[in-house]
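Q: Can we walk through this one together? I'd like the overall picture, then some details.

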Amino acid sequence: MADGKVMTYGEARRIARKLAEDTLEHYWTSGKFPVDPIKIARKCGIEIYDSQLGKDRWGMLIGGDNSATMYLDVDQPPSRKRFSAAHELGHYMTHSAAESFDGFEVEPIKPGEGYEDARSDQDRGNVFEVIANEFAGNLLMPEGKFRELKENGNSDIAIASFFKVSVDAVSYRSRRLGLA
Ligand SMILES: [Zn+2]
């Protein structure tokens, strides 16, 4: 992060929402569900591997010369894996879309460096993690469609099944949107 300006969680989330909207607009068919974060990541040139990352890791994103490589732990439920992929894609987009940052300077991911996301600290307060989680929620469950499903009286379980995410992810999104 550049010197001087400190990003608040509110700013981090606003940036994440914009990044997710831009990503859907450029790399996905509007209105098509469920959103496939792995397909989008491939379109962005990211290589993706299913890997044994051990008990404590959901996913990793490591920088390369021109792009990045994503590793997803094989031992996670499909809905959780989609969230992990969207989260790692959020890290990638954060570093490749610096123009979205309104004065916050973010460096590209250096080759061989990147993110390792542990299950044990998924809620850690680092702004880059806040961005990646908010990005993932917005990418997989866009606000307009989410509100529509809620207003039509769908249960969290039905909404989770529609977006192919976990019920926990739906509950969290509901709270963030003030719909819980
Ligand atoms: Zn992360």
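**Chat notes**

A: Of the 180 residues in the protein chain, 46% are buried. Buried means under 20% relative accessible area, exposed means over 50%, and partly exposed is in between (1.4 Å probe, protein chains only).

Q: What kind of model is this, and how are residues numbered?
A: This is a predicted model, with residues numbered from 1 along each chain as its sequence is written. Local features need pLDDT of at least 70, side-chain atom pairs count only at pLDDT 80 or more, totals for chains, interfaces and linings use all residues, and side-chain values use heavy atoms, with hydrogens and water left out.

Q: How many helices and strands does the protein chain have?
A: The protein chain has seven helices and four strands. Both are DSSP runs, numbered from the N terminus: helices are H or I with at least four residues, strands are E with at least two. In sequence order the pattern is α-α-β-β-β-α-β-α-α-α-α.

Q: Why is the chain called as compact as a globular protein of that length?
A: Its radius of gyration is 16 Å, close to the 16 Å from the globule rule for 180 residues, so the protein chain is as compact as a globular protein of that length. The radius is taken over C-alpha atoms, and the rule is 2.2 Å times the number of residues to the power 0.38.

Q: And what does the C-alpha trace span?
A: About 45 × 40 × 30 Å along the principal axes.

Q: What share of contacts joins residues 24 or more positions apart?
A: Among contacts with a separation of 6 or more, 63%. Contact means heavy atoms within 4.5 Å.

Q: Where do the two histidines, His 87 and His 91, lie?
A: Both are in helix α3, residues 78-96. They sit four residues apart, about one turn of the helix.

Q: Is each of them buried or exposed?
A: His 87 has 6% relative accessibility, so it counts as buried. His 91 is buried too, at 0%.

Q: Phe 33 came up. Which peptide bond is it part of?
A: Phe 33 and Pro 34 are joined by a cis peptide bond, with omega about -5 degrees. Most peptide bonds are trans. Pro 34 is in the loop between α1 and α2 (37-43).

Q: What about phi of Lys 164?
A: Phi there is near 55 degrees, a positive value in a residue other than glycine. Lys 164 is in the loop between α6 (156-163) and α7 (167-176). At 44% relative accessibility, Lys 164 is partly exposed.

Q: Back to strands. What does Tyr 49 touch?
A: Tyr 49 lies in strand β1, residues 47-51. Leaving aside neighbours within four places in sequence, Tyr 49 is in contact with Thr 69, Met 70, Tyr 71 and Leu 72. From Tyr 49 to Thr 69 is 7.8 Å, C-alpha to C-alpha, across 20 residues in sequence.

Q: Last one: where is Asp 75?
A: In the loop between β3 (68-73) and α3. Asp 75 is exposed, at 51% relative accessible area. Leaving aside neighbours within four places in sequence, Asp 75 is in contact with Gln 52 and Arg 119.
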